Amino acid sequence: MTDKTIDRPSPNFDTRSGPVDMIVLHYTGMKDCAAALDRLCDPTAKVSAHYLIDEDGTLYTLVEESMRAWHAGVACWHGQTNINGCSIGIELVNPGHEFGYRVFPESQMLRLEQLCRDIVQRHDISAARVLGHADVAPMRKQDPGELFDWRRMAAAGLALWPDVGQAGSGALRIGDANQDVVALQTALGSVGYRIAPDGAFGTETEAVVTAFQRHYRPRAVDGVADTETLAMLDGLASLFVDL
Ligand SMILES: [Zn+2]
């Protein structure tokens, strides 16, 4: 891993109104690092992040942590919608699902862990509030996606990884409408996802289940709340009950 750090100031930021208590991880979803940096620093694009980490571990600093970077867009977690205002955004160079999604290399992961450890300590951020962009914007976003190793982050104390809980009864999928769907939606809402507990498994519920799977059940991301997905969700929800 290189420990190179390069200052690459972006004009795309404004002021924060509150403290930092969340980290949101992204992938760049562009062909290469240079293209991503150009976009994150383009005043007409109006997007940015605090940091970008290239695949070789090079860290680019774009926006001061004390300022609000523009990385999350329309997003929500535990009912809170000003995600940019409370978070630090970190972009990981990866072509993403559109341009050739691939594994995040070891050098990139090591640098990310180093950076997150530092941020978490300085801002006293809970492991429960290190999240992916898809978690806070499941209808729009897929990043950092199912190849991102959240279990590893959790082992480093930088994310949550639940023990397997109770599976519940059978799989739930789009078109289902019953009390089990209400229970599923309530559980997803209890761990932070924005979802209405209306008992109807529609496109919104499918998107949230998909985001949950990218994070906690990455081997199969299909939007179906099968018994393994339900068991992981139950395990995660029980961590929140215990808090
Ligand atoms: Zn993103």
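**Note on the predicted model**

1. D124 follows helix 4, and the phi of D124 is positive, near 55 degrees. Helices here are DSSP runs of H or I with at least four residues, strands are runs of E with at least two, and both are numbered from the N terminus.

2. This is a predicted model: local features need pLDDT of at least 70, side-chain atom pairs count only at pLDDT 80 or more, and totals for chains, interfaces and linings use all residues. Residues are numbered from 1 along each chain as its sequence is written, and side-chain values use heavy atoms, leaving out hydrogens and water.

3. Helix 4 covers residues 106–123. Its 18 residues should span 26 Å at 1.5 Å a residue, and the end C-alpha atoms are 25 Å apart, so the two agree. The expected span is 1.5 Å times one less than the number of residues. Buried residues of helix 4 include M109, L112 and I119. Buried means under 20% relative accessible area, with a 1.4 Å probe and protein chains only.

4. Now the metal. H26 (ND1), H133 (ND1) and D143 (OD) are the protein donors of the zinc ion, 2.1 Å from it. H26 lies in strand 3 and D143 in the loop between helix 5 and helix 6, so this pair ties together parts 117 residues apart in sequence. Donors are N, O and S atoms within 2.8 Å of the metal (3.2 Å for Na, K and Ca); water is not among the atoms, so sites may look incomplete. H26 is buried, at 1% relative accessibility. D143 is buried too, at 5%.

5. Six strands form an open, mixed sheet in the order 1-5-4-7-3-8. Strands pair if DSSP finds at least two bridges between them. Strand 3 and strand 8 run parallel over three bridges.

Technical notes. Buried means under 20% relative accessible area, exposed over 50%, partly exposed in between (1.4 Å probe, protein chains only).
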